[in-house]
Amino acid sequence: MSHTDFGQTPAVFEPKPDLPPPASTVGLIGWLRGNLFPDWFNSALTLVAILALFMIIPPIVNWALLDAHFAGDSRAACKPNVQIVKDKVITQGELPDGSTMELEATADRVVVPEGVTPNVRWTRKLIEGTVRATGREYAKVEIEQDVIIEGACWVFIGIRYDQFIYGFYPKEERWRPTVVIGVGLLLIIYMLTDGMPHRGRVAMFLLIPFPIIAFFMFSGGVLGMPHVDNAKWGGLVLTIIISAVAITGALPLGIALALGRRSQMPIIRLFCVIFIEFLRSVPMITILFMAMVVLPLFLPPGTTFDQLARVLIGVTLFIAAYTAEVVRGGLQALPKGQYEAAEALGLGYWKMMRLIILPQALKIMIPAIVSLFIGIFKDTTLVQIVGLNDLLTMVQLAVTDAQWIGLSKEGYFFCAFIFFVFCFSMSRYSMYLERKLHTGH
Amino acid sequence: MTAADVGVKPGKANFLYDARVRAIAYQIITAAGLVIFIAWLTNNTLENLEARGIASGFEFLGHPAGFGVPFSLIDYSEASPYKTAFYLSVLNTLFVSIVGIVLATIVGFAMGVMRLSKNFLISRIAAIYLETFRNVPLLLQILFWYIGVLQLMPKIRSSLIFFDNVYVNNRGIFYPSLTAETGFSAIPVAFGLGILATIAMRIWAKRRQEATGQSFHTVWVGLGLIVGAPVMAAIVTGFPWTWSIPKLVGFGFNGGAVIVPEFLALLLALTIYTAAFIGEIVRAGIQAVSHGQTEAAHALGLRHGVTLRLVIIPQAMRIIIPPLISQYLNLTKNSSLAPAIGYPELTAVWAGTVLNQSGQALECMAMVMGVYCAISLSISGVMNWYNKRVALVER
């Protein structure tokens with residue numbers, strides 16, 4: 001069929017350039033086909049989802065941004081500056097027997113006073129109404145009426161902002177909580193950053209001296225700082241105080257309980273198991289009720305204990321039980337060889353724990369501890385039920401204030417936003433850590 | 001390795017360094033400390049109770065309660081004893097928890113599956129749902145639904161009306177209810193029989209499949225039995241019920257039944273909050289089943305649906321169920337946030353109203369905590385049983 005000509009230099013195979021991928025798999029169209037319309041079922045789902053988003057998102061954006069009021073210094077700034085007059089209109093009414101007749105009805109009309117730029121929008125809506133005509137007969141009518149579109153009143157948040165953050169802490173002393181929380185936050189970030197020197201010492205500082213310094217900064221009465229009674233602590237600051245105290249107290253306690261639960265000594269083990277399992281099986285609110293009504297019964301007659309301290313003790317013990325389970329998980333995750341190697345080196349129990357086991361276990365526990373902290377942060381809202389003024393309580397007080405009544409949505413949205421920012425960023429951090437520590441396949 | 005093994009006589013080591021002696025000493029010290037501590041607490045408590053003139057004991061359970069509640073599943077009035085109020089509050093806790101668990105499971109599974117959808121929009125929507133509702137405190141959500149939504153519903157005279165007979169206003173949802181007549185009991189009986197017949201059929205179908213390899217449409221026939229039997233019973237007995245339709249009379253409704261906003265707000269918040277956690281669990285569980293399993297099943301010639309049903313879901317469930325059950329437990333415990341809006345469940349009634357009225361703080365708290373402990377222990381008992389049943393049997 002063919003012969004080979006040995007005299008010629010062999011032809012070099014030169015591949016032709018690749019054909020471009022089919023137009024339907026790249027670019028915007030490719031992405032749409034791959035992700036939104038791969039088959040008829042997904043296409044239908046996409047259309048339903050777009051419809052749902054179209055119904056949900058524009059009203060929320062309009063309410064929260066476009067129709068919202070931002071500037072001002074009182075409730076009046078959120079009141080519409082247009083007038084609503086009752087207009088008489090003639091309309092077709094349907095009587096109960098089915099016949100129709102012309103009726104006179106009143107309908108709202110928006111009138112813009114002269115020289116005023118309206119601060120609200122309105123639409124004309126068809127409204128069904130019942131009209132009393134000729135004595136006692138009712139007739140059904142449909143009237144077109146102007147309806148003002150409601151927008152959020154963020155002025156309210158602006159005015160109450162300081163109270164939401166600091167509670168009833170005196171105005172001129174508010175730098176104190178700001179400094180303490182700011183420094184605490186910086187130290188925590190320093191402690192969690194890789195490769196910084198003396199991270200262990202910073203951690204020890206945060207665990208023991210820092211809370212004491214923080215207490216004196218908050219409470220005052222030393223170094224010329226006026227005393228601020230803890231009944232005045234409140235808002236976001238109190239939320240942070242409660243969750244920070246709970247986690248700092250619960251960590252050492254939880255480690256002790258977890259070690260006790262894994263101990264060889266039956267009485268100690270039994271005590272730890274009962275303590276942990278009991279606290280984990282009841283809701284936190286019952287612990288708060290215990291701290292409020294039962295704790296005073298347990299103490300010698302005449303002992304008085306302030307409310308915040310009682311709540312802090314209750315919350316710390318409660319969280320300690322959960323921390324203990326997290327620590328137990330961390331201890332169990334360590335291979336047995338670590339224990340055996342430490343024992344083979346002749347280390348005693350405490351040295352083994354302090355030098356070999358806990359440093360490794362605590363490291364793998366950090367994501368779980370962060371999740372636990374998110375839980376505590378959200379659960380501090382329960383102190384409202386026993387009468388402390390945390391962030392949510394301050395919002396509650398503000399929305400039930402007669403001057404601002406009816407603005408509960410704004411208050412709750414603001415509060416939800418703050419919690420979301422805190423919890424979401426912490427959960428992202430915990431996920432990042434999990435990925436970093438996940439050194440398996 | 002003890003000293004005796006290597007043939008060296010043990011030296012007279014200091015008695016204090018013997019680990020066993022130390023362990024016993026530690027335990028004796030702990031136990032003694034604990035006993036002294038408890039005795040101290042008891043002593044203080046007795047003194048305090050005497051000083052306040054409170055007689056401890058459970059006699060107060062027989063006294064009339066004297067308060068009304070907005071929501072009750074049993075006969076209860078202000079004249080009923082505290083005992084009845086206790087049953088009522090436990091029932092209300094269980095009721096809102098069970099309804100919440102069912103709804104949260106449905107929403108949570110839907111969201112978890114949606115999160116893994118290849119459809120970009122659907123998976124984004126699910127992600128936003130999961131992240132938003134997980135990161136906002138439950139109490140805030142309860143208050144939002146109660147004060148921010150349900151209380152802002154129209155007043156009773158301008159209720160929103162659905163399907164002509166369902167009225168929605170700021171006092172709840174009023175809907176037509178059934179009143180049973182003679183012969184009605186045949187319907188639940190038929191329903192029960194339908195379930196029993198389905199179970200029996202399943203056992204039979206499984207045996208037959210193991211013996212002959214023939215499969216049977218258990219799901220469709222079972223659904224037919226469970227739905228069909230009560231419908232047949234209703235037709236045979238001639239629909240033995242009358243509808244009671246809500247009618248606006250004066251300032252309230254007559255007839256029908258009502259879902260009060262307290263219940264609705266708590267249920268909505270619990271469902272939405274817990275469903276967000278369940279969604280995450282379901283997502284993680286499905287992702288944990290390695291892709292090789294799907295490929296192997298496809299290589300065996302199984303179709304996609306069958307792969308999902310027989311290979312993926314059974315393996316995912318083993319990972320999903322334990323954290324799922326602990327979410328159920330959390331939902332039950334979280335129903336204790338009801339005091340914030342006044343739904344009469346265990347904590348609100350017993351640790352709130354009754355405790356304040358009767359002054360029996362110790363007894364009330366012990367009863368409340370006892371009930372929660374009992375619920376938790378029985379649920380974790382079920383979980384342990386399940387874990388044992390599905391645990392991997394390794395060679």
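How many residues lie between S1(B) and S2(B) in their hairpin, and which residue in the turn has a positive phi? I looked this up first.

**Entry 1: the model.** I am working from a predicted model, in which local features need pLDDT of at least 70, side-chain atom pairs count only at pLDDT 80 or more, and totals for chains, interfaces and linings use all residues. Residues are numbered from 1 along each chain as its sequence is written, while chains are lettered from A and ligands numbered from 1 in the order in which they are written.

**Entry 2: strands of chain B.** Three residues separate S1(B) from S2(B) in the hairpin, and B:Phe163 in the turn has a positive phi of about 50 degrees. I took strands as DSSP runs of E, at least two residues, and helices as runs of H or I, at least four residues, numbered from the N terminus. Strands count as paired if DSSP finds at least two bridges between them. S1 (residues 160-162) of chain B pairs with S2(B) over three bridges, antiparallel, and B:Phe162 is opposite B:Val166. S2(B) is also antiparallel to S3 (residues 172-175) of chain B, again with three bridges.

I then checked the faces of S2 (residues 166-169). B:Tyr167 and B:Asn169 make up the covered face, B:Val166 and B:Val168 the uncovered one. In a regular strand the side chains alternate between the two faces of the sheet.

**Entry 3: the chain contact.** I counted two residues as in contact if their C-beta atoms, placed from the backbone, lie within 7 Å. On that basis 47 residues of chain B contact 44 residues of chain A. H1(B) contributes the most to the side of chain B that touches chain A, with twelve residues. That side has 30 nonpolar, 13 polar and four charged residues. Here nonpolar is Ala, Val, Leu, Ile, Met, Phe, Trp, Tyr, Cys and Pro, charged is Asp, Glu, Lys and Arg, and polar is the others, Gly among them.

**Entry 4: domains.** The bounds come from an automatic or database domain assignment. I read chain B as domain 1 (15-52), domain 2 (82-176 + 245-390) and domain 3 (181-240). The C-alpha centres of its domains 1 and 2 are 42 Å apart. In chain A, the C-alpha centres of domain 2 and domain 3 are separated by 55 Å.

**Entry 5: a residue in chain B.** Which residues does B:Ile142 touch, not counting those up to four places away in sequence? I found B:Ala265, B:Leu266, B:Ala269, B:Leu337, B:Ala340 and B:Ile341.

Technical notes:
Buried ≥ 20, exposed ≤ 12 C-beta atoms within 10 Å, placed from the backbone.
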